[in-house]
Amino acid sequence: MRCMTESEMYEVDRKSAEDYLLPTTVLMENAGRALADGLKSKLSKEMRICVVTGPGNNGGDGYVLARTLLNEGYAVEVLETVTEAEMSTDEQLYRQIYLKYQGTLTKVDDVDVAAYLVDKDIIVDALFGIGLTGRVRAPFDQWIETINQSGKCVISLDVPSGVSSVAADDLLAIRANHTFIIEAPKPSLFIEATRPFYGEVTVVSIGLPKKELLQSSLTVWQQEDVKQTLQKREPFSHKGNYVHLLVIGGSAFMPGSVKLTSTGAYRTGAGLVTVMTSEEALPMLANGLNEVMYQPLEPEALTDEALAKYDVIACGMGLSETAAGRALLSRVLETKKPLVIDASGLNLLSEDLSRLERRQALTVLTPHPKEMARLSGLSVAAIKRQPFRVVADFAKAHQVYLVLKGAMTLSASPSGEININTTGNSGLSKGGSGDLLTGMVASRVLSDDTPLAGISNAVFLHGLAADLAVSDRHSSYDLTATEVSDYLGRSFQAVLRKNIQASINIK
Ligand SMILES: NC(=O)C1=CN([C@@H]2O[C@H](COP(=O)(O)OP(=O)(O)OC[C@H]3O[C@@H](n4cnc5c(N)ncnc54)[C@H](OP(=O)(O)O)[C@@H]3O)[C@@H](O)[C@H]2O)[C@H](O)CC1
Ligand SMILES: [K+]
């Protein structure tokens, strides 16, 4: 499923009107009806429904929805917040049609809005859609506050009014119980500050040309995408047909990190895993990791000749941030091997990013927001406010694949394409989760249809394993990364055998 920015959506609208000759009024009729159809699952004929309309086409959708429900015998009325002259042209038309169907209209200026809402069961928010810019201005702000304070069930059309393309610091928006989204979710659905305003979500189609929707560079990565892009394992294959991963990291006080990375790699399909780690860490690792081979941690051993047998390197987990660690990362960056960098490796890399420009092979960076802050020089707050832009800009500027980890992990390609992940839960907010993921990413990045697909598959399966663990015998409190790795088998089974996600799975 695609995710679309507001400007991309307007571009599809323009094309469907100009190139496909679809009148904008037809789209609004389709939108209002599709939204009404979606909403009906929440309604009964006994409920009193109030549609609050604003000045733009979102309000127009509201009039179509109100008329559709009225015509089917629902108790619906409209509360309008602007005069007819202040409405968009299409909205004016659908207001008139609503009146022809003998719909009831109330103007905000004629009532005490809080008192008017008291006997309503459902409030439909058709105040603003994707056309809102900046913070909601007066006098609309007071009605948003009144609706939020009403305690009623609030359903938003397309987006919760007030959630604009750029998340403002002092955001004022409708807190919806449920949002019916038109055609494709907008980035604000996946941003920490704006996600809570949406409530539950349902995506409805209004007949926009699919070909145009597919032009978006943002994709919500789902089960069908994993199924389609995951490399098949052939019956006559041998370990040499799958990646040989070299894991570099671990230290006396952090031996478990590379253990998790190696397990993640094997459990995600790698053919061979070799760990290069400090001698102090070795005894702790060898005990319990039967499938792994070992090498001492020495930069001089990283010659192109010695590395020829490896397909990909994962570096940085549990690596000590000392002169030795620094020298090691520098050497690894100079190699011509595909490389995944995580944890301490990212901190050491932040000291001099120009080394990325000199790389001659694929590079994947897997930062959490704090590591991203070090890499980009931006604050964590700035990254969280606009993660899509930050991720795309950085990936393009440094020509890397970038995985910004979080509740909605974003994976970006060097061309700025972004895949959004919706699996996973707060049980992953623990030490070790990232180490496990790095091994999984390294195992898939060269194996699936494209590097971005491989990375996104790893992120999806990692989150799904945590979801399955929590729905089985764990909770997000007790879950550990080792247990997540134990559920990777179930995660693959679920993806390969069942349809686990009919629509987007958003916490
Ligand atoms: N393809 C589709 O997705 C379709 C979606 N539809 C629906 O249309 C809306 C988008 O409609 P649009 O008219 O472009 O925008 P809005 O309804 O969100 O509102 C625009 C009005 O809001 C005013 N505005 C803007 N910012 C503010 C603010 N901060 N405070 C107060 N008022 C604001 C703006 O006035 P300006 O003077 O600023 O221009 C406009 O009056 C989409 O979300 C869907 O619901 C179509 O129905 C079908 C196709
Ligand atoms: K809305």
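Predicted model: local features only at pLDDT ≥ 70, side-chain atom pairs only at ≥ 80, totals over all residues.
Trainee: OK, then how are H3 and H4 oriented to each other, roughly parallel or roughly perpendicular?
Mentor: Start with the packing angle of H3 and helix H4 (residues 89–100), which is about 20 degrees, with the axes 8 Å apart. The cut-off for this class is under 35 degrees. So H3 and H4 come out as roughly parallel.

Trainee: Which residues of H4 does H3 meet, and how many residues of that contact are charged?
Mentor: On the H3 side you'll find Asn-57, Gly-59, Gly-60, Tyr-63, Val-64, Ala-66, Arg-67 and Leu-70, and they meet Asp-90, Glu-91, Tyr-94, Arg-95, Ile-97 and Tyr-98 in H4. Sorted by class, this contact of H3 with H4 has 7 nonpolar and 3 polar residues, and the charged ones number 4.

Trainee: What about H20 and H22, are they roughly perpendicular or oblique?
Mentor: Helix H20 (residues 451–471) packs on helix H22 (residues 488–497) at about 110 degrees, with the axes 8 Å apart. The range to check is 65 to 115 degrees. H20 and H22 are therefore roughly perpendicular.

Trainee: How many nonpolar residues are in the contact of H20 with H22?
Mentor: H20 brings Phe-460, Leu-461, His-462, Leu-464, Ala-465 and Leu-468, while H22 brings Leu-488, Arg-490, Ser-491, Phe-492, Ala-494 and Val-495. Of these, 2 are polar and 1 is charged, and the nonpolar count is 9.

Trainee: Now ligand 1: which residue has a polar backbone atom 2.6 Å from an oxygen atom of it?
Mentor: Ligand 1 is surrounded by 24 residues, and the closest include Tyr-10, Asp-13 and Asp-61. Asn-58 puts a polar side-chain atom 2.8 Å from an oxygen atom of ligand 1, and a backbone N or O atom of Thr-133 lies 2.8 Å from a nitrogen atom of the ligand. The residue you asked for, with its backbone atom at 2.6 Å, is Gly-129.

Trainee: What is phi of Asp-158?
Mentor: Asp-158 is also among the residues closest to ligand 1, and it sits in the loop between strand E6 (153–157) and strand E7 (178–182). Most residues other than glycine have a negative phi. Here the value is positive, near 70 degrees.

Trainee: Which residue does a cis peptide bond join to Ala-138?
Mentor: Most peptide bonds are trans. This one has omega at about 0 degrees.

Note on methods. Residues numbered from 1 in each chain as written. Chains lettered and ligands numbered in written order. Heavy atoms only, no water. Near = heavy atom within 4 Å. Polar contact = N/O pair within 3.5 Å; in protein donor to acceptor, adjacent residues only side chain to side chain. Helix = DSSP H or I, 4+ residues; strand = E, 2+ residues; numbered from the N terminus. Axes fitted to C-alpha atoms, helices over the stretch in contact; angles between N-to-C directions. Parallel < 35°, antiparallel > 145°, perpendicular 65-115°, else oblique. Contact = heavy atoms within 4.5 Å. Nonpolar A, V, L, I, M, F, W, Y, C, P; charged D, E, K, R; others polar.
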